[in-house]
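Have the sequence and the 3D view ready as you read.

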Amino acid sequence: MRVLHFFKTYLPETVGGIEQVIYQICQSGIAHGIESQVLTLSKDPEPSELMVADHRVHRARLDLQLASTGFSYSVLGRLKALAAQADVINYHFPWPFMDVLHFAARIDKPTVVTYHSDIVRQKHLLKLYRPLMNRFLGSVDRIVAASPNYLETSEVLAHYRDKTSVIPYGLDKATYPVPDTARLDHWRQRFGPRFFLFVGVMRYYKGLHILLEAARGTGYPVVIVGAGPLEQELRAQASSLGLGHIHFAGRLADEDKVALLQLCSAIVFPSHLRSEAFGISLLEGAMYGKPMISSEIGTGTSYINIHGETGLVVPPGNPEAFREAMRTLWDDPDLAMQMGVRAEQRYWQLFTAERMGQQTAALYRELLASRRKA
C-alpha cells in the first residue's frame, strides 16, 4: 500500500509536534506493508527529494507565507503526480491552502485527514475560511483525532463524528538516542540533581509566561529547552522577575534532550490554549517515566496526563495553581516517583508508535475495502 502524506512543513527543515507525528506514522507503517511518502513545502527545496529515515520526502518551493499559511506555485503539479501513484492520501490539518489544492488537483483517491488542531488564533480569518474548510472536511473519507478529549470538545469535529476515529499519537522509544555517562554528568553538574523541565518551541500558546510567573518566589530550578518567536520576550520577563533559577538551554541535540528527560524531576507543560492539541513533548516525558504538570484545556494533554495518577492538572492560565502543583511534586519526591511510574505504564499501554501504526494501517485497509465495495 502506498500512502502520500501532505503538510506545509516537515523534517529536516522544521522540527515540531506534527512533523514528529508524520514521521512516526511513516516509520511505523513499514511493518504493515505501507510505503509512505511526504510532500511538503521548503524555503530551499534543494534537493527536491530526500530520504528521512526509511521514507521519501518531496519538497516544493515555499513562495509566500501569510497568516501561518504557506503558499507554493509549483506544489499543485507535484501533488497531482504523486497522488496518481498513491493508494491513499493522508492530509494533515490545518492548512487552508491544502484544502484549495485538494479541489484544484481533483483528487479522487481515498482520503484521510489527520486533524491535529482546531484553528484557534486566526478567528477573523476563520470566518472567511469556514465554508472552504467545511467543504474540504465534508469531502474526505475519514478524519482522525488524536484523543477522545479533543473529539468531545471540538466544535468542528462535532459535525463529522460519523467518519471520525480516535488514534492516539505514538512514539517509538527505540528510535531515541541513549546518552552516555559523560553527557549525563555534564547536565547533572550544570543544573543540579533536581529540576523541572520544559521542552518545546516558544510559541504563544505554550504558556511559558505563566510558568515564569509560577516559578517566582520558589527557587525551584526550571530548565527550558527550545527556541522560538517569543524567546527574547521570555528571557526579558525572567530577568525582570529576577528568576536566576530559570535556565534557557536553547535548542539541543537529541542526545542532550534525552539526557535532560532522564535527569529531570518532572515535566512542566503550561500550554493554556487549544492550539496545543496533544503535546508530543509531554508524551516524551511520560515515556521516560516522569510525572507531569499540565493545564486542563480540553485536548489530548489531559489524555496523556491524568490528574492525580500520572501527574497534576491545573486550570489554564493560573500561575498560582501551577506554582502549587510544582510545590507538591517538589516537596513529595515519593509521590512524584509513583506518578512517573504510572505515566510510563500509560505510555506503553496507549501511546507506542507500534500501536499507532497498527491502528492507522487498519484504518487505511478498511477505507480501501469500503471504496472497492462502493
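Domain bounds, as used here, come from an automatic or database domain assignment. By that assignment, the chain is divided into domain 1 (2-172 + 353-373) and domain 2 (173-351). Residues are numbered from 1 along each chain as its sequence is written, and side-chain values use heavy atoms, with hydrogens and water left out. This is a predicted model, in which local features need pLDDT of at least 70 and side-chain atom pairs count only at pLDDT 80 or more, while totals for chains, interfaces and linings use all residues.

**Two annotated spans**

UniProt positions are given in the numbering used here, feature names are shortened, and annotations may be inferred rather than shown by experiment. Helices (H or I, at least four residues) and strands (E, at least two) are DSSP runs, numbered from the N terminus.

| UniProt annotation (unreviewed entry) | Residues | Distance between end C-alpha atoms | Helix and strand |
|---|---|---|---|
| "domain: Glycosyltransferase subfamily 4-like N-terminal" | residues 15-172 | 17 Å | 35% helix, 27% strand |
| "domain: Glycosyl transferase family" | residues 192-345 | 27 Å | 43% helix, 16% strand |

How far apart are the centres of domain 1 and domain 2? Taken over C-alpha atoms, the centres are separated by 28 Å. The contact (heavy atoms within 4.5 Å) takes 24 residues from domain 1 and 24 residues from domain 2.

Buried area is the accessible area (1.4 Å probe) that two parts lose on being put together, summed over both. Domain 1 and domain 2 bury about 2000 Å² between them, with 59% of it on carbon and sulfur atoms. On the domain 1 side, Tyr169, Leu171 and Asp172 lose the most area to domain 2, together 30% of what that side buries.

A salt bridge is a side-chain nitrogen of Lys or Arg within 4 Å of a carboxyl oxygen of Asp or Glu. The structure holds 15 salt bridges, and the count between domain 1 and domain 2 is one. Arg274 forms a salt bridge with Asp118, and their closest N and O atoms are 2.9 Å apart. This pair links distant parts of the chain, 156 residues apart: Arg274 sits in the loop between β14 (266-269) and α10 (280-287), and Asp118 in the loop between β8 (111-115) and α4 (123-139).

Most residues other than glycine have a negative phi, and most peptide bonds are trans. Which peptide bond is cis, with omega near 5°? That is the bond from Glu46 to Pro47, and Pro47 is found in the loop between β2 (35-42) and β3 (49-52). The bond from Phe93 to Pro94 is also cis, with omega near 15°. Pro94 lies in the loop between β7 (88-93) and α3 (96-104).

Ala67, a residue other than glycine, has a positive phi, near 55°. Look for Ala67 in the loop between β5 (64-66) and β6 (69-71).
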